[in-house]
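User: Hi, I'd like to go through this fold with you. Can we start with the sheets?
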Amino acid sequence: MTRRPCVAGAAGGAGGARRVSRRHTRCVCRPAFLAVFIAVVATTAVLGAQAAKKRRAPFPPPQSIPQADVDRLLQWLSAPPTGSNSASASSASSAGSAGSPAGFSTLTNSYGNLGGSNGDANIEDFEKEEDEEIRRSWMEWPGSQPSARNTSSATSAAKIRRQLLGTSCDYRRGKWAYVKGYRPAYSGDCKYIRSGFNCQRNGRKNMDFMSYRWQPATCALPRFSANTFLSLLKNKIIAFIGDSISRNFQQSISCLLAAQVTVEEWTGHLGPDSVIGLKIPSHNVRILAFMTPFLVRYTNEPWAFELYGLQPPKTKLIKGGNGAGQGYVIWTDVLDSAWTVLFRQLDVVVFMSGHWFLQAQGDTDVRSLQFVTNNKPVRLNGQDAYRAVINRVKKFLDVEAKFKGIPMWLTYSPSHYRSSTYPPSCPDSKPLSSVSLDKAATQFRSIELEMLQNTRFSVLDLTAMSGLRPDGHVQMYYGPVKNSKTKWDCLHWCLPGVPDAWSDVLQLVLSSRLR
């Protein structure tokens with residue numbers, strides 16, 4: 001049967017005309033409909049592409065590190081020391097040991113020889129709060145003798161623990177022992193102490209907090225020795241990379257060294273970020289400190305919020321002059337060039353971060369941190385963002401930089417703000433008898449231990465031992481005048497103080513990994 005043509009003649013009467021007209025209309029509309037349909041689809045595709053392009057912001061301008069800044073730092077790193085002081089360094093180190101305060105010699109002996117105690121640190125209770133599977137695998141304390149049935153699992157846990165800590169000494173379990181008459185190796189006169197950490201100079205009268213020494217329960221923790229530390233790092237560069245707690249730690253190391261050997265200082269910038277450098281001529285050891293609180297790229301400039309269509313916080317969550325709480329855009333997958341630009345020059349790196357990620361909590365209209373991943377805004381809480389950053393650092397070390405040195409990570413440093421007082425304070429004058437950690441310290445430390453298991457990182461797990469020391473915080477002595485009615489600092493540590501014990505642990509781990 002042949003199909004009739006779409007267009008017919010006018011004959012056939014009115015009915016025929018109507019039939020032809022309807023048939024003609026149907027035949028003519030089919031190609032017209034197809035054309036309209038194709039046009040609509042094409043228009044929709046164009047509009048969709050434009051919308052997708054609008055949603056996907058253009059890449060931000062590259063993070064600019066002036067080459068002149070890099071060249072100045074490289075020149076300083078490669079320049080020979082201004083003088084050779086090997087002999088004087090050795091004598092200074094020997095003098096430092098000989099001149100140790102009374103009672104120090106007992107600190108490197110057995111646990112029972114220590115005089116004075118505030119009670120054993122109840123770290124076992126703290127451990128029970130952790131995930132049971134993780135605790136069994138690499139956080140179990142070596143306190144009791146394993147049964148025959150559990151010998152293999154205990155041995156495996158000990159190996160994992162050694163890999164994680166970088167040493168066979170489980171320094172995490174112990175106590176802060178009071179040594180009468182003990183004083184640290186340096187005083188508030190050390191020029192490397194930032195004014196906000198110098199509690200002595202800022203008027204603190206009770207100095208008993210400096211007379212406590214950390215002693216592990218199952219092994220000896222030798223006191224920091226400049227000669228030992230520098231011999232381990234001879235001709236090497238060690239860098240402290242992170243937030244203000246990392247700077248707290250680096251200044252402790254600097255003062256401990258300066259008390260016994262000659263130190264040359266260098267200060268500069270890599271772009272907007274400050275860099276502090278120390279060189280010890282006797283051993284050609286160089287120490288760098290990079291201030292980068294998130295480890296990844298961040299900015300609080302308006303262009304970043306506009307670029308991604310983000311709303312800056314309407315209120316400051318944290319008030320203060322250090323930039324915290326102003327609102328930031330953070331690229332979780334773009335590392336801060338301030339420390340990566342010279343990374344291949346480094347031999348030992350110590351990372352420390354976490355505290356600034358706490359600003360990510362809150363409702364959208366007051367959130368202080370806005371995260372970007374794959375150049376798209378993403379909604380993350382502080383914990384998930386921190387996981388992403390640690391993953392990015394690990395990838396950079398292992399895949400991109402192919403780092404051959406020793407990476408370390410200092411676990412989250414606890415704060416001791418008491419919300420029952422106003423302003424929140426930490427008026428303690430003695431160490432605690434059991435571990436007291438806030439929620440953030442517990443969560444962020446667990447993230448660090450989880451993410452760094454089975455990696456080349458040695459974890460300086462100092463959260464629990466530091467959690468016993470609310471008396472060691474800056475308190476109201478962060479300036480030359482008491483400010484107890486306005487603000488307390490229960491996060492950072494007085495120097496001399498608790499970070500000096502961290503230096504003991506760092507030396508212990510380096511002794512294990514470099515010998």
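Analyst: Two strands count as paired if DSSP finds at least two bridges between them. Helices (H or I, at least four residues) and strands (E, at least two) are DSSP runs, numbered from the N terminus. This is a predicted model: local features need pLDDT of at least 70, side-chain atom pairs count only at pLDDT 80 or more, and totals for chains, interfaces and linings use all residues. Residues are numbered from 1 along each chain as its sequence is written, and side-chain values use heavy atoms, with hydrogens and water left out.

User: OK. What order do the strands have in the sheet of four?
Analyst: The order is β7-β8-β10-β11. The sheet is open, with mixed pairing.

User: Which strands stand at the edges there?
Analyst: β7 (296–299) and β11 (376–378). Each has a single partner strand, so one side of each is left without a neighbour in the sheet.

User: And how do β10 and β11 pair, parallel or antiparallel?
Analyst: Antiparallel, over three bridges. β10 covers residues 369–373. In that strand pair, Val372 stands opposite Pro377 in β11.

User: What does helix α11 lie across?
Analyst: Helix α11 (residues 382–400) lies across β7, β8 (328–335) and β10. It runs at about 35° to β8. Axes are lines fitted to C-alpha atoms, for helices over the stretch in contact, and angles run from 0 to 180 degrees between N-to-C directions. Contact means heavy atoms within 4.5 Å.

User: Now the sheet of seven strands. What's its order?
Analyst: β4-β5-β6-β3-β9-β12-β13, again open with mixed pairing. β4 (264–270) and β13 (458–460) stand at the edges. Neighbouring strands are turned by 20° against each other on average, direction ignored.

User: How do β3 and β9 pair?
Analyst: In the parallel sense, over five bridges. β3 spans residues 237–242 and β9 spans 348–352. Gly242 stands opposite Met352 in β9.

User: Switching topic: how many residues are in the largest nonpolar core?
Analyst: It has 118 residues. A nonpolar core is a set of buried Ala, Val, Leu, Ile, Met, Phe, Trp, Tyr and Cys residues joined through side-chain atoms within 4.5 Å. Buried means under 20% relative accessible area, exposed over 50%, partly exposed in between (1.4 Å probe, protein chains only). Leu257, Phe343, Phe351 and Leu506 have the most contacts inside this core.

User: Which helix gives the largest share?
Analyst: Helix α14 (residues 498–514), with eight residues.

User: What is Phe351 in contact with?
Analyst: Leaving aside neighbours within four places in sequence, its contacts include Ile241, Trp339, Phe343 and Phe457.
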